[in-house]
Amino acid sequence: MTVTDTDKPILVVEGLNVHYDTGKGPAKAVNDVSFSLKAGERLGLIGESGSGKTTMATALMRLTRAPGRIAGGKVLLDGQDILKMSPRELRETRLRDIALIPQGAMSSLNPVMKLDEQMIDAIVAHKPGMSRAALDARVAELLRSVGLDPSVAKRYPHELSGGMKQRAAMAIATSLSPKVIVADEPTSALDVVVQRQVMQTLGRLQDGLGAAVVLIGHDMGLIAQFADIVGVMYAGKLVDIGPVRQMIETPRHPYTKLLVESLPGIEVKQALTGIPGLPPPLVDLPPGCSFNPRCPFAFERCRTETPLLQDVAPGQQAACHLYPEHQVLPPLPAMAQSHNGEARP
Amino acid sequence: MSALIELRGVSKTYGAFTALDDVTLSLSDSSPSMTAIAGESGSGKTTLARILLGFINPSAGHVFYRGKDIALMSPSEQRQFRREVQPVFQDPFEVFNPFYRIDHVLETPVKRYGLADTDAKRRALIEDALKRVGLRPQDTLGRFPHELSGGQRQRIMVARAVLLRPRMIVADEPVSMVDASLRATILDELKTLNRELGISIVYITHDLTTAFQICDNIMILYRGNVAEAGSVERVIGAPKHPYSQLLVSSIPLPDLDKAWGADEIPVSEASAARSNAGCRFAPRCPHVMEQCWDNVPPKYTPDSQRLATCFLYRDAPVAPGDDIAAVFRAPEPRTPVPSA
């Protein structure tokens with residue numbers, strides 16, 4: 001990993017709120033989230049469906065669409081607030097400074113344009129005046145950087161496999177050497193072998209650019225293999241964040257612990273345990289900690305007072321009332337499991 | 001061993017494309033097992049599932065259900081086959097008609113197969129099936145599909161299958177659309193159905209981790225051919241075929257001391273273009289030998305609980321028959337439980 005000498009973060013998210021207006025009031029899909037990321041760092045944001053991961057990815061790009069709206073906060077890219085930019089500044093910033101690899105990037109390609117035309121479109125919009133030869137050379141270079149043969153440039157998206165399309169989308173996203181890459185479940189539709197290849201390609205690209213990456217996903221295994229820092233989202237909130245090894249080996253938040261435990265391995269057969277219950281509806285969050293109805297440790301305070309992120313270990317913060325009383329997460333109490341798995345109290 | 005379902009020399013071609021190539025497999029009736037069929041997109045796993053379900057006919061070969069060729073069944077035999085072999089599909093969002101309440105999905109099969117003669121009995125059957133899959137009837141009945149989560153919808157599909165007391169469930173990627181935290185629970189329920197109700201399960205997946213956790217045996221397909229098959233402990237725990245090795249090493253494990261597999265050798269245009277009358281995996285294989293290009297490797301048995309179609313094991317004995325299941329291990333003993 002490329003480590004840049006500066007300690008100044010390249011991406012700072014402060015008190016970000018994104019709401020979806022519904023008939024039942026606002027659904028707080030991103031609820032007061034703050035974090036920061038330095039150049040070269042890889043943050044993996046993990047959460048269940050509906051935890052606000054994708055809403056977060058789109059908000060970082062300021063691509064939030066109605067009925068969603070950014071209800072407050074800052075997204076500082078190299079000190080500049082993306083949320084306050086003029087439309088022109090925003091247009092220039094996207095792709096050049098911050099780029100998105102969307103979920104199902106394969107369907108983000110234009111089906112009636114050859115790949116090189118799509119790539120050139122993106123480059124020309126930001127760097128007018130490049131000669132055709134220079135553009136072709138850049139396209140070939142970009143394709144090689146994602147492990148594709150430059151001859152692919154003359155193909156249409158339907159002539160490519162899923163993995164190739166995903167790589168092409170990565171080539172477009174990195175065409176202007178952005179400082180921050182937001183990747184929203186970039187491999188969710190791919191086979192395991194192709195997934196590994198695509199993620200390793202993303203890692204190499206990022207190393208080359210020295211960019212920061214926000215990888216959004218729900219697969220703890222994938223996040224663990226890729227990220228340096230893991231952030232866990234639950235019901236719109238960032239509830240736990242810290243260095244990947246600490247997060248997996250000594251998780252502090254009960255939800256993180258359960259997420260890690262719900263992952264089966266391939267060494268010993270074990271009883272498969274999911275996390276009982278369901279995330280709460282975002283328009284009707286329980287009072288106190290949103291996780292309290294599913295939490296095996298929940299006590300009175302959790303049902304009344306919302307926990308804030310606090311330091312629980314070096315570089316690690318968790319939003320949980322078990323701290324600071326406890327040093328580490330106590331052993332999990334035995335749970336009534338599995339067969340009332342989704343039954344909600 | 002009497003076979004519940006048996007594929008004999010089954011192939012499926014679409015024009016010049018061979019989706020499945022000469023598969024012979026028999027699953028036992030007397031000891032209901034959990035069998036995984038794994039492979040990447042285009043490996044033929046869904047084709048195999050659809051053939052097992054009788055949804056498509058093989059281009060060559062035969063499918064026997066409890067000794068009867070399903071192509072030659074009488075309408076009443078076919079009806080019984082359809083009842084006893086139940087599908088669970090990948091996408092629980094697509095199988096529901098959004099305008100009908102959940103009850104409709106469950107009542108239709110009860111009516112169609114005349115499982116209950118009174119409303120009360122029908123209700124009891126449905127509630128029992130829902131409880132079997134960990135759903136509370138009061139939380140699900142009367143609701144519309146959009147009011148349920150993906151995991152709940154997938155469980156409704158399992159409940160619908162269970163309702164008919166099938167002998168076999170063919171589940172095609174049943175949890176790939178479900179969050180990781182819920183996958184474990186749903187798969188655990190499939191395992192319970194196998195252990196407690198004696199339903200044979202065929203689990204089609206590209207996820208070797210869950211296959212290892214719930215299944216007894218596995219068959220890994222590559223471009224329509226069996227690459228490796230045997231007990232999950234052998235095949236996933238210590239794969240022999242270079243393709244299975246590649247698959248296993250690509251699993252992202254939440255274990256930081258296990259580096260993700262190294263990069264695969266890129267397929268050169270020349271090797272990809274080389275017409276291969278031999279092993280389908282040859283162009284991607286790190287161990288490819290001259291003989292691999294022109295000869296189809298037979299089913300070698302490097303040990304008693306697995307076969308690998310790979311010339312690396314040419315010193316091992318060749319499997320005596322065609323039946324892939326010959327190397328399968330017996331399922332773990334059942335734990336019969338009185339009905340819920």
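Reader: What makes domain 1 and domain 2 of chain B separate units here?

Author: In this predicted model, chain B is divided into domain 1 (3–215) and domain 2 (226–327), with bounds that come from an automatic or database domain assignment. Taken over C-alpha atoms, the centres of domain 1 of chain B and domain 2 of chain B are separated by 29 Å. Local features need pLDDT of at least 70 and side-chain atom pairs count only at pLDDT 80 or more, whereas totals for chains, interfaces and linings use all residues. Residues are numbered from 1 along each chain as its sequence is written, and chains are lettered from A and ligands numbered from 1 in the order in which they are written.

Reader: How many residues does the contact take from domain 1 and domain 2 of chain B, and what makes two residues a contact?

Author: Two residues are in contact if their C-beta atoms, placed from the backbone, lie within 7 Å, and the contact takes 11 residues from domain 1 of chain B and 10 residues from domain 2 of chain B. On the side of domain 1 of chain B that touches domain 2 of chain B, the largest share, 5 residues, comes from E2(B), a strand (a DSSP run of E, at least two residues; helices are runs of H or I, at least four, and both are numbered from the N terminus).

Reader: Which elements of chain B supply the side that touches chain A?

Author: The contact takes 38 residues from chain B and 38 residues from chain A. Helices H6 (150–163), H7 (180–197), H8 (208–214) and H10 (242–250) of chain B each supply at least two residues of that side of chain B, and its largest share, 7 residues, comes from H7(B).
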